[in-house]
Amino acid sequence: MTLRLGYGTNGLTDLRLDDALGLLADLGYDGVGLTLDHMHLDPMAPDLAVRTRRVADRLAELGLGVTVETGARYVLDPRRKHGPSLLDPDPDARAARSGLLVRAVEVAADLGAHAVHCFSGLTPPGTTTGTAWQRLAEALAPVLDAAERAGIPLAVEPEPGHLLATIADFHQLRVLLGDPGPLGLTLDIGHCQCLEPSSPVDCVKEAAPWLRHVQIEDMRRGVHEHLPFGDGEIDFPPVLEALSATGYSGLTVVELPRHSHVGPELARHSIDFLRRATGTTNGAAPC
């Protein structure tokens, strides 16, 4: 069993998508975390199906796997970061976000992706926690239906500051929804270091049954800042060993969305670091 390493396109936004994919293949990555956004595969622009087929062909040509990520900052609203969210007070706004996620599932199916990533969003001011959870459950219902039809897991990410911020919150959502089959977890290793009560190693072990997508970067306790490997506090070899032991077969994607200006250099640094951390030279981490 091996870990499959990827790099997120949200950390390569200064490159054309074809160039970014070629770079990752040349560096020896196994896949890519593809954020649907205006600079790469824009989910809101015309001819999405045609453009998606081109990307699918490029991925196949390069031998890259893919996860579809949906964390683009301004893809729906050019003036509100990550807006509207699944928790927006306006039902039509929530429906717009749900519609984007349904579209992401359809794109993922056409790309042969192993999962679609998403997150809850911030609880709006004046909204009770109970109302926020109800909105989240209702807004995800059509997305989970689409995921069921497509056979693509929906991997919800606990995000610091969001309604769904921890692994425990993921389980609250799972219970609220009745434990639907397509619902899975995106585990961000840095977020574990940042705010989870358990260590990153223990988080991996606890999350294993629901693990559908993994993001990885360095981070410090109590500070939500995605850092290049070696700039934070995480001891990575035991984390990667624990991840290998889970049997997880999806991509483990480097997540450095604020470092696009040095993306090519960090993509090289990241895979070299992960190879050293796993004692390999070919980019695969043996169990």
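Helices and strands are taken here as DSSP runs, numbered from the N terminus. The structure is a predicted model, and the loop between E3 and H3 contains proline 84. A cis peptide bond joins this proline to glycine 83, with omega at about -15 degrees.

Helix H3 covers residues 91–111. The 21 residues of H3 should span 30 Å at 1.5 Å a residue, and the end C-alpha atoms of the helix are 30 Å apart, so the two values agree. At the start of H3, the backbone nitrogen of aspartate 92 has a side-chain oxygen of aspartate 90 within 2.9 Å. Just after the helix, glycine 112 adopts a positive phi of about 70 degrees. The buried residues of H3 include Ala93, Arg94, Arg97, Leu100, Leu101, Val105 and Leu111. The elements against which the buried residues of H3 pack are strands E2 (31–35), E3 (65–69) and E4, together with helices H2 (48–62) and H4 (129–150).

Strand E4 contains cysteine 118. This cysteine has a relative accessible area of 1%, and therefore counts as buried, the cut-off being under 20%. When neighbours within four places in sequence are left aside, cysteine 118 is in contact with Thr70, Leu101, Leu140, Leu154, Ala155, Val156 and Glu157. Cysteine 118 and glutamate 157 are 39 residues apart along the chain, while their C-alpha atoms are separated by 6.0 Å.

Threonine 252 belongs to strand E10, which runs over residues 251–254. With neighbours within four places in sequence again set aside, the contacts of threonine 252 are Leu3, Arg4, Leu5, Gly6, Val214, Ile216 and Leu243.

Two aspartates have positive phi values. Aspartate 47, in the loop between E2 and H2, has phi near 60 degrees, a positive value in a residue other than glycine. Its relative accessible area is 57%, so aspartate 47 is exposed, as the cut-off for this class is over 50%. Aspartate 179 is placed in the loop between helix H5 (167–176) and E6, and its phi is near 55 degrees. At a relative accessible area of 41%, aspartate 179 is partly exposed.

Empty space in the model was also examined. Rolling a probe the size of a water molecule over the atoms shows where such space is left. The largest pocket has a volume of about 940 Å³. It is lined by 46 residues, of which Gly71, Lys81, His82, Phe119 and His162 are the closest to its centre. Helix H3, strand E4 and strand E9 (223–227) are the elements that give two or more residues to this lining. The largest share, three residues, comes from E9. By class, the lining of the largest pocket holds 14 nonpolar, 20 polar and 12 charged residues.

The count of cavities of 30 Å³ or more comes to two. The largest cavity has a volume of about 40 Å³, and its lining consists of Pro158, Ala165, Ile167, Thr186, Leu187, Asp188, His191, Cys192 and Glu196. Strand E6 (183–188) and helix H6 (189–195) are the elements that contribute two or more residues to the lining of this cavity. E6 provides the largest share, three residues. The lining of the largest cavity divides into five nonpolar, two polar and two charged residues.

Key:
Residues numbered from 1 in each chain as written. Predicted model: local features only at pLDDT ≥ 70, side-chain atom pairs only at ≥ 80, totals over all residues. Heavy atoms only, no water. 1 Å grid on protein atoms, 1.4 Å probe; cavity = no way out; pocket = protein on both sides within 12 Å on 5 of 7 lines; lining within 4 Å. Points joined across faces, edges and corners; volume = space filled by probe spheres on them. Helix = DSSP H or I, 4+ residues; strand = E, 2+ residues; numbered from the N terminus. Nonpolar A, V, L, I, M, F, W, Y, C, P; charged D, E, K, R; others polar. Contact = heavy atoms within 4.5 Å. Expected span 1.5 Å × (residues − 1). Buried < 20%, exposed > 50% of the residue type's maximum accessible area, 1.4 Å probe, protein only. Polar contact = N/O pair within 3.5 Å; in protein donor to acceptor, adjacent residues only side chain to side chain.
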